[in-house]
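User: I am new to this kind of model and would like to learn how to read it step by step. Could we look at it together?

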Amino acid sequence: MAARTPGTPRAHLIADTALALLVERGMRGLTHRAVDERAGLPQGSTSNHARTRQALLEAAVARQAEREAKVLVPPELPVPGGGIEDLAAALALALHRHLTDHRELLVSRYELALEATRRPELRAYYDAAARQFREPLLVLMNAAGSRAPERHALSLISWSEGLMFSCVAGSYHDEVPAEAEIRRGFTELLRGMLTAEPLG
């Protein structure tokens, strides 16, 4: 996860290594010295880049969001106004890819999210980074004709988050559903939201 490649900026190397340490050792295993050692950097390099633990965590959150954006907000997302089937297929593709090819990013996300509950200054930074995932979904739900795009986006995100946790850290950790099954789940949710008569 933190392998150095030619041309990789040192900031990315440090942040990627921090995420790798979170996956392997948890929050207590993330130190400036550990990042230096794991990344093969001279001692003090990480401190020069991120002098405090808060700065190191913020760098990890920013890199986490950057890497997850490539998975969860892919170019395959349909144009706003497309049909339910296209939207369900695109969301399922992104979610299944995350569960099968990028599971380590989910573990590091959970570590950072839990730490944010104990650090208000990190909570604000974490929430700001997370908005990049919420806003495209709001656009799609608005374009799909949702009568309550905020609530419907929350429902989709919550369903997705629940599935990801169950399949990575919960009781379904060794039973990742097929992409077709995830697509079916999204289709059922979207049809219920977008075609059902509103409740009184």
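User: What pLDDT does the protein average, and what share of the residues score at least 70?

Analyst: This is a predicted model, in which local features need pLDDT of at least 70 and side-chain atom pairs count only at pLDDT 80 or more, while totals for chains, interfaces and linings use all residues. Residues are numbered from 1 along each chain as its sequence is written, and side-chain values use heavy atoms, with hydrogens and water left out. pLDDT is the predictor's confidence in each residue, from 0 to 100; here the protein averages 89, and 92% of the residues score at least 70.

User: Where is pLDDT under 50?

Analyst: Where pLDDT is low, the predicted coordinates should not be read in detail. In this model the value stays under 50 over residues 3-7, a stretch with 2 contacts (heavy atoms within 4.5 Å) beyond four places in sequence.

User: At what angle do the axes of helix H1 and helix H2 cross?

Analyst: Helices are DSSP runs (H or I, at least four residues), numbered from the N terminus, and axes are lines fitted to C-alpha atoms over the stretch in contact, with angles from 0 to 180 degrees between N-to-C directions. The axes of H1 (residues 10-25) and H2 (residues 32-39) come within 9 Å and cross at roughly 105 degrees, so the two helices are roughly perpendicular (65 to 115 degrees) to each other. Among the residues making this contact are Leu13, Leu21 and Glu24 of H1 and Val35 and Arg38 of H2.

User: Is Glu24 buried, partly exposed or exposed?

Analyst: Buried means under 20% relative accessible area, exposed over 50%, and partly exposed in between, using a 1.4 Å probe and protein chains only. Glu24, in helix H1, has 48% relative accessibility and therefore counts as partly exposed.

User: How many residues has the largest nonpolar core, and which have the most contacts inside it?

Analyst: In soluble globular proteins, nonpolar side chains tend to be buried together. A nonpolar core is a set of buried Ala, Val, Leu, Ile, Met, Phe, Trp, Tyr and Cys residues joined through side-chain atoms within 4.5 Å. The largest one here has 24 residues, and Leu30, Val35, Leu56 and Leu112 have the most contacts inside it. H1 gives the most to this core, with 6 residues.

User: Which residues make the contact of H1 with H6?

Analyst: H1 and H6 pack at an angle of about 85 degrees, with their axes 8 Å apart. Leu19, Leu22 and Val23 of H1 meet Glu104, Val107, Ser108, Glu111 and Leu112 of H6.

Methods. Angles under 35 degrees count as roughly parallel, over 145 as roughly antiparallel, 65 to 115 as roughly perpendicular and the rest as oblique.
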